[in-house]
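Here is a brief report on one protein chain. It covers the fold, the surface and the side-chain contacts.

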Amino acid sequence: MRLALLLLAMPALAHADVGASAAIGAGAQGDATYGALDVTLTATWPGVRLGLGARGVWDDGTFRRTDWSGPADALTIVRDVEATWGPLALAAGRLAPAHVGQLADGYRATLDDRWRTGVRAAATTDDLAVTTEVDDVLDPALLAAAMRYEFAKPWAMHAAIASDPAHATALEAGIAYRTGSDHARLDLGASIVAELGLGASAV
């Protein structure tokens, strides 16, 4: 399945700036060994960047078939996608760690060597910025959205929501003051963060 998707992309690559790479890794912990082979392909068009890749992992010399167990795993070949259309932007691939206001600042802190294919979308104007994000479309641990609105420059308000579908949901609302020059910028503000069912705190 992954190979088929790579072959379908080949005609479009003829009109792009293309790069390719491969990496081999190995290690051990006690008596257990670990080996990996990773290959990547990147292509760039005006306004679009695409990175594809595939990896094979061997645990104690045995190929890890669970990384290739179903058609949905083909999504993990999308390592990096960036596209812009005027005020709109879209990113996909390995987006971790996420930074959504004060709500999500680095997650999946445990050892995790599986590729996570997420999606982030943004719309930005002079006064308003809106973003939405999911960290992994197959196994989400973060669903998030954030908004910042400059209602009377240099004053702005912001709000965000982040949810772990298996655990908790957090909300943030706040106000900020921004001033700066060509070489420096100062942001001052305050937020209230509430984790549903657990209470609230000020930051």
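A residue is called buried under 20% relative accessible area, exposed over 50%, and partly exposed in between. Val-137 has 39% relative accessibility, so Val-137 counts as partly exposed. The coordinates are those of a predicted model.

**Overall make-up**

The chain has 203 residues, and 29% of them are buried. Its secondary structure comprises 1 helix and 15 strands. Take the contacts between residues at least 6 apart in sequence: 39% of them join residues at least 24 apart. The accessible surface is about 12600 Å². Carbon and sulfur atoms account for 63% of that surface.

**Strands E3, E5 and E6**

Strand E5 spans residues 78-85 and runs antiparallel to strand E3, residues 48-59. The two are joined by 5 bridges. E5 also pairs with strand E6, residues 88-93, again in the antiparallel sense. That pairing has 6 bridges.

Asp-80 shows how E5 links to both partners. Gly-51 has Asp-80 as its bridge partner in E5. In E6, Gly-93 stands opposite Asp-80.

E5 and E6 form a hairpin with 2 residues between the strands. Which residue there takes a positive phi? Gly-86 does, with a value near 60 degrees. As a general rule, side chains in a regular strand alternate between the two faces of the sheet.

**A nonpolar patch**

Leu-75, Trp-85, Leu-88, Leu-90, Val-119, Val-137 and Leu-138 make a nonpolar surface patch. Its area is about 580 Å². Val-137, one of its members, lies in a loop. That loop runs between strand E10 (128-134) and strand E11 (143-152). Membership in a patch requires over 30% relative accessible area, and Val-137 has 39%.

**Salt bridges**

Side chains of opposite charge can pair when their charged atoms come close. The whole structure holds 10 salt bridges. The table lists three of them.

| Salt bridge | Closest N to O distance |
|---|---|
| Arg-64 and Asp-59 | 3.7 Å |
| Asp-67 and Arg-64 | 2.9 Å |

Arg-64 bridges to Asp-59 and to Asp-67. Is Arg-64 buried or exposed? Its relative accessible area is 10%, so Arg-64 is buried. Asp-67 is buried as well. Asp-59 has 31% relative accessibility and therefore counts as partly exposed.

At 17% relative accessibility, Glu-150 counts as buried. Through shared partners, salt bridges join Asp-127, Arg-148, Glu-150 and Lys-153 into one network.

**Aromatic pairs**

How many aromatic pairs does the structure hold? There are 3. One is formed by Phe-63 and Trp-68. Their ring centres are 6.3 Å apart, and the planes make an angle of 45 degrees. Planes under 30 degrees apart count as stacked and those over 60 as edge-to-face, so a pair in the remaining range is tilted. The Phe-63 and Trp-68 pair is tilted.

Both rings belong to residues with some accessible area. Phe-63 is partly exposed, with a relative accessible area of 29%. Trp-68 has 38% relative accessibility and also counts as partly exposed. Ring pairs link Phe-63 and Trp-68 with Trp-58 in a cluster.

Methods: Residues numbered from 1 in each chain as written. Predicted model: local features only at pLDDT ≥ 70, side-chain atom pairs only at ≥ 80, totals over all residues. Heavy atoms only, no water. Pairing = 2+ DSSP bridges. Helix = DSSP H or I, 4+ residues; strand = E, 2+ residues; numbered from the N terminus. Buried < 20%, exposed > 50% of the residue type's maximum accessible area, 1.4 Å probe, protein only. Contact = heavy atoms within 4.5 Å. Areas by Shrake-Rupley, 256 points an atom, 1.4 Å probe, with all protein chains shown as cover. Patch = residues over 30% accessible without salt bridge, like charges linked within 9 Å, V, L, I, M, F, W, Y side chains within 5 Å. Salt bridge = Lys/Arg side-chain N within 4 Å of Asp/Glu carboxyl O. Phe/Tyr/Trp six-rings, centres within 6.5 Å; stacked < 30°, edge-to-face > 60°.
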